[in-house]
Amino acid sequence: MVALSGSSVLVVGANGAFGAEFCNQLLEAGATVFGTARSPETSARLRADLAQRLLLDLENQESINTLANYLTSIPESLDGIVLASGLVAFGPISDTPPEVRRKLFEVNALGQINLVSQLISKLKASSDSGKAPFVVSISGVIAENPMAGLAAYSASKTALLGYANAASKELKKLGIRWLDARPGHTESGLATRAVFGQAPNFGVGLEVSHVVSRIIRGITDDEKDLPSTSF
């Protein structure tokens with residue numbers, strides 16, 4: 001059993017539906033939470049009682065470097081990272097602009113990967129102190145079953161899943177667990193904020209609170225993977 005009480009957790013995308021709910025449930029569990037938002041404007045939606053409210057633009061390597069350098073320099077521990085940020089786009093491959101594909105890969109995969117890679121030493125320090133540090137990614141069911149009309153989105157999420165699977169084997173040796181979650185369609189409102197195209201009719205999805213609570217249980221129960229059948 002992994003105790004969240006007294007741990008320090010970074011929630012990336014803490015102003016979004018998933019991120020905000022992670023903050024809620026982590027705080028209820030007694031964790032200290034650092035939350036990120038992309039801009040000063042969106043940071044206004046972060047909970048006022050977070051330990052720190054930070055800026056992070058996953059499309060900007062300088063922004064990633066600045067946050068990583070800051071977190072590695074402060075005396076507070078870093079015991080967990082929750083990657084709750086993401087974008088979606090819809091449409092056939094022939095219509096999807098290159099800049100949309102680039103944005104999806106940077107936000108859904110590369111930016112998250114680059115951030116975690118720079119924080120490994122901080123997580124290892126947590127492990128060395130006797131704690132059980134973790135990384136949580138949410139690649140989603142689309143990484144298991146890529147869909148037509150969602151090729152670019154599917155590719156960005158399968159890239160994240162592939163990296164998580166390989167990285168988890170390396171990080172295990174350092175005492176760090178990478179837990180990937182692949183819930184089905186969830187009523188987070190993301191589909192209504194697509195960066196390109198229009199969402200098909202997915203039907204009624206899962207509740208955000210249910211998905212987040214299942215992932216939190218995966219953290220505390222020391223689970224190694226949460227496929228779509230877990231939700």
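How do the residues of the lining of the second largest pocket divide into nonpolar, polar and charged?

A: The lining of the second largest pocket holds six nonpolar, three polar and seven charged residues. Here Ala, Val, Leu, Ile, Met, Phe, Trp, Tyr, Cys and Pro are nonpolar, Asp, Glu, Lys and Arg are charged, and the others, Gly among them, are polar. The model is predicted: local features need pLDDT of at least 70, side-chain atom pairs count only at pLDDT 80 or more, and totals for chains, interfaces and linings use all residues. Residues are numbered from 1 along each chain as its sequence is written, and side-chain values use heavy atoms, with hydrogens and water left out.

Start with the pocket itself. The second largest pocket has a volume of about 310 Å³. It is lined by 16 residues, and Ser168, Lys172, Arg177, Trp178 and Lys224 are the closest to its centre. A pocket is an open set of points on a 1 Å grid over the protein atoms alone, with protein on both sides within 12 Å along at least five of seven lines; a cavity is a set where a 1.4 Å probe fits but cannot get out; lining residues have an atom within 4 Å of a point. Points are joined across faces, edges and corners, and the volume is the space filled by probe spheres set on them.

Which elements build this lining? α6 and β6 (177–181) each supply at least two residues. α6 gives the most, with five. Helices (H or I, at least four residues) and strands (E, at least two) are DSSP runs numbered from the N terminus.

Follow the chain on from β6. Arg182 sits in the loop between β6 and α7 (208–220). Its relative accessibility is 6%, so Arg182 counts as buried. The cut-offs are under 20% relative accessible area for buried, over 50% for exposed and in between for partly exposed, with a 1.4 Å probe and protein chains only. Beyond four places in sequence, Arg182 has contacts (heavy atoms within 4.5 Å) with Ser139, Gly140, Val141, Ala143, Glu144, Leu161, Asp225, Leu226, Pro227, Ser228 and Phe231.

Next comes Asp222, in the loop between α7 and β7 (225–226). Asp222 is not a glycine, yet its phi is positive, about 60°. Most residues other than glycine have a negative phi. Asp222 counts as partly exposed because its relative accessibility is 35%.

Now compare the other voids. The largest pocket has a volume of about 1100 Å³. It has 48 lining residues, and Gly86, Leu87, Ser188, Leu190 and Arg193 lie nearest its centre. α6 turns up here too: α1 (17–28), β2 (32–37) and α6 (151–172) each supply at least two lining residues. The largest share, three residues, is from α1. This lining divides into 23 nonpolar, 18 polar and seven charged residues.

There is also one cavity of 30 Å³ or more. The largest cavity has a volume of about 40 Å³. Its lining is Ala89, Phe90, Gly91, Thr96, Leu104, Gly149, Leu150, Ala151, Ala152, Tyr153 and Phe196. α6 gives the largest share, three residues. Eight of the lining residues are nonpolar, three are polar and none is charged.

Gln112 lies in α4 (residues 98–118). With 1% relative accessibility, Gln112 counts as buried. Past its neighbours within four places, Gln112 touches Leu58, Leu83, Ser85, Glu106, Val107 and Leu160. Glu59 is in the loop between β3 (52–55) and α3 (61–73). Glu59 contacts Arg38, Arg102, Lys103, Glu106 and Val107, again leaving aside neighbours within four places. Glu59 and Asn108 are 49 residues apart in sequence, and their C-alpha atoms are 9.7 Å apart.

Last, the whole chain. It has seven helices and seven strands. From the N terminus their order is β-α-β-α-β-α-β-α-α-β-α-β-α-β. A compact globule of 231 residues would have a radius of gyration near 17 Å, and the chain agrees with 17 Å. That radius is taken over C-alpha atoms, and the globule rule is 2.2 Å times the number of residues to the power 0.38. The C-alpha trace spans about 50 × 35 × 35 Å along its principal axes. Of the 231 residues, 49% count as buried. Among contacts with a separation of 6 or more, 67% join residues 24 or more positions apart.
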